Amino acid sequence: MKFQNKYFVSAFLALMLMINWFTPAYAAAPTITSISPNLILNDQDTTITITGTDFLSDSTVSLKGYGSLSGVVISSTTVLTVKVLAGTPADVYTVVVTNSGGTVEYPGGLTVVDPPSSFSR
């Protein structure tokens with residue numbers, strides 16, 4: 001089939017471009033493959049590194065049952081860092097990364113402990 005009408009072909013191509021232009025691109029949900037360190041003391045601020053996939057510029061990090069963490073730095077789509085503040089209650093936390101692609105939970109991803117207490121004899 002040969003199209004003779006150049007206006008029809010132009011309109012058809014313009015329509016195809018508009019469909020592709022306005023079709024939203026969907027981001028994949030993030031994944032977490034590792035957290036380092038995964039055991040920290042709660043007497044000082046500690047920066048942890050989360051490795052995974054599909055970390056986007058709108059990524060946030062939280063500890064389930066505690067709340068959001070601040071200072072998220074996305075180094076790449078596979079590495080981000082975040083600061084866990086001193087005073088975070090001792091517990092074993094599920095680490096949650098959320099962005100426009102979705103949410104991932106990493107159960108037991110971070111253990112926060114109290115520092116050893118000093119004692120005298």
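User: Which residues does E105 touch, leaving out those up to four places away in sequence?

Analyst: In this predicted model, E105 touches K64, T94, V95 and V96 once residues up to four places away in sequence are set aside. Contact here requires heavy atoms within 4.5 Å. E105 itself belongs to strand β9, which covers residues 102-113.

User: What makes the pair E105 and K64 a polar contact?

Analyst: The side chains of E105 and K64 are joined at 3.1 Å, and the cut-off for a pair of N or O atoms is 3.5 Å; the value of 3.1 Å therefore qualifies as a polar contact.

User: Why is E105 called partly exposed, and why is T81 called buried?

Analyst: The relative accessible area of E105 is 42%, and since buried means under 20% and exposed means over 50%, E105 falls in between and is therefore partly exposed. T81, in strand β7 (residues 79-84), has a relative accessible area of 18%, which is under 20%, so T81 is buried. Leaving aside neighbours within four places in sequence, T81 is in contact with T47, I48, T49, G71, V72 and V73.

User: How do you know that β2 and β9 pair?

Analyst: Pairing asks for at least two bridges between the strands, and three bridges join β2 to β9, so the two strands pair, and they run parallel. Among the partners across this pairing, I40 has V112 in β9, and L41 has V113 in β9.

User: What makes β8 and β9 a pair, and how do they run?

Analyst: Eight bridges join β8 to β9, and because at least two are needed, the strands count as paired; their direction is antiparallel. D91 stands opposite V112 in β9, and the two strands form a hairpin with two residues between them.

User: Why are β2 and β5 described as standing at the edges?

Analyst: The open sheet of five strands has the order β2-β9-β8-β4-β5, with mixed pairing. Both β2 (39-41) and β5 (67-68) have a single partner strand, so one side of each is left without a neighbour in the sheet, and they stand at its edges.

User: Which residues touch the most other members of the largest nonpolar core?

Analyst: That core has 18 residues, and I32, I48, I50, V61, V95, V97 and L110 touch the most other members. The elements giving two or more residues to this core are β1 (31-36), β3 (46-53), β4 (60-63), β7, β8 (91-99) and β9. With residues up to four places away in sequence not counted, the contacts of I50 include I32, V61, V95 and V97, as well as F55 and L80.

User: How many helices and strands does the chain have, and what share of its residues is buried?

Analyst: The chain has one helix and nine strands, and along the sequence the pattern is α-β-β-β-β-β-β-β-β-β. Buried residues make up 26% of the 121 residues, and the chain exposes about 8,000 Å², of which carbon and sulfur atoms supply 60%. Among contacts with a separation of 6 or more, 58% involve residues 24 or more positions apart.

Technical notes:
Residues are numbered from 1 along each chain as its sequence is written. This is a predicted model: local features need pLDDT of at least 70, side-chain atom pairs count only at pLDDT 80 or more; totals for chains, interfaces and linings use all residues. Side-chain values use heavy atoms; hydrogens and water are left out. Helices (H or I, at least four residues) and strands (E, at least two) are DSSP runs, numbered from the N terminus. Buried means under 20% relative accessible area, exposed over 50%, partly exposed in between (1.4 Å probe, protein chains only). A polar contact is a pair of N or O atoms within 3.5 Å; within protein, one must be able to donate a hydrogen and the other to accept it, and residues adjacent in sequence count only if both atoms are side-chain atoms. A nonpolar core is a set of buried Ala, Val, Leu, Ile, Met, Phe, Trp, Tyr and Cys residues joined through side-chain atoms within 4.5 Å. Accessible areas come from the Shrake-Rupley method with a 1.4 Å probe; for residues, only the protein chains shown count as cover.
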